[in-house]
Amino acid sequence: MAFSSSLLTIPPSTLHVLPASDPPYNLLQTHPSLTLLSKCKSIQNLKQVHTHIIKTGLHNTHFALSKLIEFCAVSPFGDLSYALLVFETVENPNQIIWNTIIRGYSLGSKPLQAVEFYVRMILSGVEPNSYTFPFLLKSCAKFGAAQEGKQIHGHVLKLELDSDAFVHTSLINMYAKNGELDNARLVFDKSPLRDAVSFTALITGYVSSGSMDDARRLFDEIPIRDAVSWNAMISGYAQSGRFEEALVLFLEMRKANVAPNESTMLTVLSACAQSGSLDLGKWVASWIEDHGLSSNVRLVNALIDMYSKCGALDTARGLFDAMHQRDVISWNVMIGGYTHESRYKEALALFRLMLRLNAEPNDVTFLGILPACAHLGALDLGKWIHVYIDKKFQSLTNTCLRTSLIDMYAKCGNIEAAKQVFDDMEAKSLASWNAMITGLAMHGHANAALELFSKMADEGFKPDDITFVGILSACNHGGLVDLGRQYFSSMTKDYHISPQLQHYGCMIDLLGRAGRFDEAEALMKTMEMKPDGAVWGSLLGACRIHRRVEMGEFVAKHVFELEPENAGAHVLLSNIYAGAGRWDDVARIRTRLNDMGIKKVPGSTSIEVDSVVHEFLVGDKVHPLSKEIYEMLREVDRLLDMAGFVPDTSEVLYDMDEDWKEGVLSHHSEKLAIAFGLISTKPGTTIRIVKNLRVCGNCHSATKLISKIFNREIIARDRNRFHHFRDGSCSCNDNW
DNA sequence: CTAGGGTTAG
């Protein structure tokens, strides 16, 4: 504490205040120097006015000096240190001048200096008054200075100022902000002063401590509610996730004929956004227009956010494009909207526009844009952002941002870079550990993931359900059946985490792959929830690996029941039939798929070259370098053929979609992307591709060979995991 | 010269 708190226990002296010796008030008030004061926009302006005041002899008046000090201390264009310089020149400053300096401190970043100044005021013999305490108490509230606040409360009582409405409310607010709700309540209950303002101060205390029901009881007692009281309650509900109640209260506010203001609408729009209440959101939009607030940046930002979260992204973009002025939040909201709706390419495009317009991105921008990089595999852009963050946010140890970088690097295939960021982090969060463990799991580094898990415990972190999804998927991708079982049981027994669908999914996938169908089935029977399509689907995949036709039929029935449109499952079943040479059944499925009009999600593969993401569909001929790509493809096939590669046609049904008719196996999107990578990057460069579906067996075998023939490391992400192809083999050990 | 709220992005 910078001041001795014993000073505060000095009873306030009763020295009288110096009588004012100023010329008549109205003469001064209209003095040109003082009119100029209010027009000052910088400290330079202000110094000129000060000079003028001195020249005209006004500096001998308390009034002019107090006005000057007030401006310096309170105005956003002022300067508190200048106010102090002027203060020191004042002979016997009066109460107003002392109060103004205290007020100035209460607004600044070191509000406790207000208390130091207050002590100085008392020691100089000037008695604090009803104006002094609101500033002082605000300082204590701002700084969380509970002890000082209590002592100051004592002074208030001694001076019998607790009957002043302003002081009274300030006391309630101070206690409420310092988390001493009981004291706040005591002050409130003891006084007959019960206006909307003091009610609201206490309500806000309850709201911020999460006691919405206490807040509501008080709110219902307020004799006359003003907009601020309504806003406090509405935002309280919104912040505690009770959006419906927030919106209902807003409607009641309308019924009570209390005019909403900008704050009300910001809160309401946020609640609409989070609860998907598009209709009410639209109503607010017209309210904003009717009130001539269409160029209010904050309101329009909130509208954009509401529209994009309610699924009307293009309406949001229309508003965004029409804005004359935007701030960083406008950007961020729009980018976040695209990311949220999985429109990653548009998110990146908007980010590029942002940079072109010289708008400065901030941490929130990157939290929106890094997941988009991660999804698209845009490693170059991700790296650029990493450099940017290191340059601009060096001093800032933003754990979220670092974690987002780990996730981006891992999902873009650069697990080494992810590890580097992780190791360099000063303050790790549970999310950071989870991102790293999940990343290692995706890359098939099962043992590294498990090692990190034990290290995590050593450093005092408690794993959560997400950690275990990572751990179990590590075991799964590494084919570690025994360890998988152990971790699964440890999760419930040692960590008391009840398994969710994802955990069961990992385990059943793991057991199925290992051919432990009985055990997988037994585990499914213990599930307290119904297995979803993904769980049955992974079992179906296991049936394909182990050529279990009958069980495959049984399992597929369950998948079709849950997800009749799941084309992937139909394809899997047909592959199972194809594996058994049951071509009639293969044809039957093909017909059924056509009859049902089920469209297979088209396979697409993207590859980033020179910071541009190129996307390929099967048989794609729209790329500007299409001719060269297909030339390379022919060369690839020729070399594969020479190396004795025999295409595996057992999964040929992958090609059954109408659009795929012309696409033979060799024109799968991953092959196109690899061919493009081969012609557009220097020899020896690692090729990184991202596929939206699972890699087909044929492409997997072909890619292994390509990595050897062309001496390239090829890192491929499919919808489940990573494959590192190198020198003719793959990191997944053909287990995927 | 004073008190209560809201701050849309994550």
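The UniProt annotation "repeat: PPR", which comes from an unreviewed entry, covers residues 94-128, 195-225, 226-260, 296-326, 327-361, 398-428 and 429-463, and such annotations may be inferred rather than shown by experiment. This is a predicted model, in which local features need pLDDT of at least 70 and side-chain atom pairs count only at pLDDT 80 or more, while totals for linings use all residues. Residues are numbered from 1 along each chain as its sequence is written.

Helices here are DSSP runs of H or I of at least four residues, and strands are runs of E of at least two.

Turning to helix α37, residues 669-680, its 12 residues at 1.5 Å a residue should span 16 Å, and the end C-alpha atoms do lie 16 Å apart, so the two agree; the expected span is 1.5 Å times one less than the number of residues. Of those 12 residues, 10 are buried, meaning under 20% relative accessible area with a 1.4 Å probe, protein chains only. The buried set runs through S669, E670, K671, L672, A673, I674, A675, F676, G677 and L678.

Technical notes: Chains lettered and ligands numbered in written order. Heavy atoms only, no water. Buried < 20%, exposed > 50% of the residue type's maximum accessible area, 1.4 Å probe, protein only.
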